[in-house]
Amino acid sequence: MESTKTYNTTKGLITSAPVPAQTRTYKPIAHSQLIDLTLNGIEKAGFKLDKETYSAAKDGQIANGRFSISNVADSEMQLQIGWQNSYNKSLTLKFAIGSKIIVCSNGMVSGEYGAFKKKHVGEIQSFTPQAIGDYIKGAGEVFTIMQEQREAMKQIEITKRTKAELIGRMMIEEQFICSTQLNIITKELTNPTHDYGAKDSLWELYNYTTFAMKELHPSLSMENHIQAHKFFNNYAQPVGAVKVEEAMFSQISIF
């Protein structure tokens, strides 16, 4: 069994992993290409890179890249761009815009805005460069949406029973947390590691959850964070609530 200590890695390790040969049914995208596309997109958009971090599994066959931005931020969080890629045909290529919570480095990843996932087939090699560039250009607007979602969650006070119900749904119905995360969330409820500035709120429970998800296997990390964000945002923004305009992403989104 792999240790979580192997998950955080370096750019050198993931770029040195052998890129598999292209076949009729499989078209690889190199980790190094995704890094270059992301860094170029960040520069062209006028963003300032704060930090780039990587995680990997299976000797680099599965890799995640995360890029935090210093000049799109407020006092609580900063813009973060991320992707997930694989060489072993086990995962789709995923790209998403999110944010990094400054106090704890928790991830907040939206799958609704500025995001795509695509199998390693068809036009993926021509689609990906254009999509990444276009989505990074719109990342500032996504960050504004996520700020609004954060503030909405802060305004929702939840009781101990509601917390228990939401945690149960995350584990049993949605299944993006398991017993490991449950134990961490339970500890956070009793003795929080960080102060998120909104005691007994939906926002606080969200952050307890993403804090508990930090050591997820790289193959699960992005998808489970997307599911968590959707779960909490849907609770804060029930069906029928006014949504922020999504049309600016409709031309290239493939979710």
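In this predicted model, helix H7 has Leu202, Trp203, Glu204, Leu205, Tyr206, Asn207, Tyr208, Thr209, Thr210, Phe211 and Ala212 tucked away as buried residues. That makes H7, which runs over residues 202–212, a mostly covered helix, with 11 of its 11 residues buried. The partners of these buried residues come from both strands and helices: they pack against strand S5 (93–101) and strand S6 (107–109), and also against helices H4 (139–154), H5 (160–174), H6 (179–190) and H8 (218–236).

Leaving aside residues up to four places away in sequence, Asn207 touches Ile101, Cys104, Asn106 and Tyr196.

The largest nonpolar core has 59 residues, and within it Trp83 and Phe95 touch the most other members. The largest share of this core, seven residues, is supplied by H7. Apart from it sits another core, this one of five residues, including Ala96, Val109, Ala115 and Met222. As for Phe95, its contacts beyond four places in sequence are Ile81, Gly82, Trp83, Gly114, Ala115, Phe116, Ile132, Tyr135, Ile136 and Met222.

Next come the pockets. The largest has a volume of about 630 Å³. Its lining is made up of 33 residues, and those nearest the centre are Arg66, Gln80, Ser105, Lys214 and Ser221. At least two lining residues come from each of strands S2 (49–57), S3 (62–73) and S4 (77–86), and likewise from each of S5, S6 and H8. S5 accounts for the largest share, five residues. Sorted by class, the lining of this largest pocket holds 17 polar, 11 nonpolar and five charged residues.

H5 and H8 each provide at least two of the lining residues, and H8 gives the most, with eight. The lining here splits into six charged, five nonpolar and four polar residues.

Turning to charged pairs, the structure holds eight salt bridges. Side chains of opposite charge can pair when their charged atoms come close. Asp74, Glu76, Arg150, Glu151 and Lys154 are tied together in a salt-bridge network. Within this group, Glu151 meets Arg150 in a salt bridge at 2.9 Å, N to O, and Lys154 bridges to Glu151 at 3.6 Å, N to O. Lys154 and Glu151 sit three residues apart in helix H4, so about one helical turn separates them. Glu151 is partly exposed, with a relative accessible area of 32%, while Arg150 is buried at 6%. Lys154 is buried too, because its relative accessible area is 17% and the cut-off for buried is under 20%.

Another bridge links the side chains of Glu173 and Arg169, at 3.5 Å from N to O. These two residues are four apart in helix H5, which means that they are about one helical turn from each other. Glu173 counts as exposed, at 55% relative accessibility, whereas Arg169 is partly exposed, with a relative accessible area of 33%.

Note on methods: Residues are numbered from 1 along each chain as its sequence is written. This is a predicted model: local features need pLDDT of at least 70, side-chain atom pairs count only at pLDDT 80 or more; totals for chains, interfaces and linings use all residues. Side-chain values use heavy atoms; hydrogens and water are left out. Buried means under 20% relative accessible area, exposed over 50%, partly exposed in between (1.4 Å probe, protein chains only). Contact means heavy atoms within 4.5 Å. On a 1 Å grid over the protein atoms alone, a cavity is a set of points where a 1.4 Å probe fits but cannot get out, and a pocket is an open set with protein on both sides within 12 Å along at least five of seven lines; lining residues have an atom within 4 Å of a point. Grid points are joined across faces, edges and corners, and a volume is the space filled by probe spheres set on the points. Ala, Val, Leu, Ile, Met, Phe, Trp, Tyr, Cys and Pro count as nonpolar, Asp, Glu, Lys and Arg as charged, and the others, Gly among them, as polar. A nonpolar core is a set of buried Ala, Val, Leu, Ile, Met, Phe, Trp, Tyr and Cys residues joined through side-chain atoms within 4.5 Å. A salt bridge is a side-chain nitrogen of Lys or Arg within 4 Å of a carboxyl oxygen of Asp or Glu.
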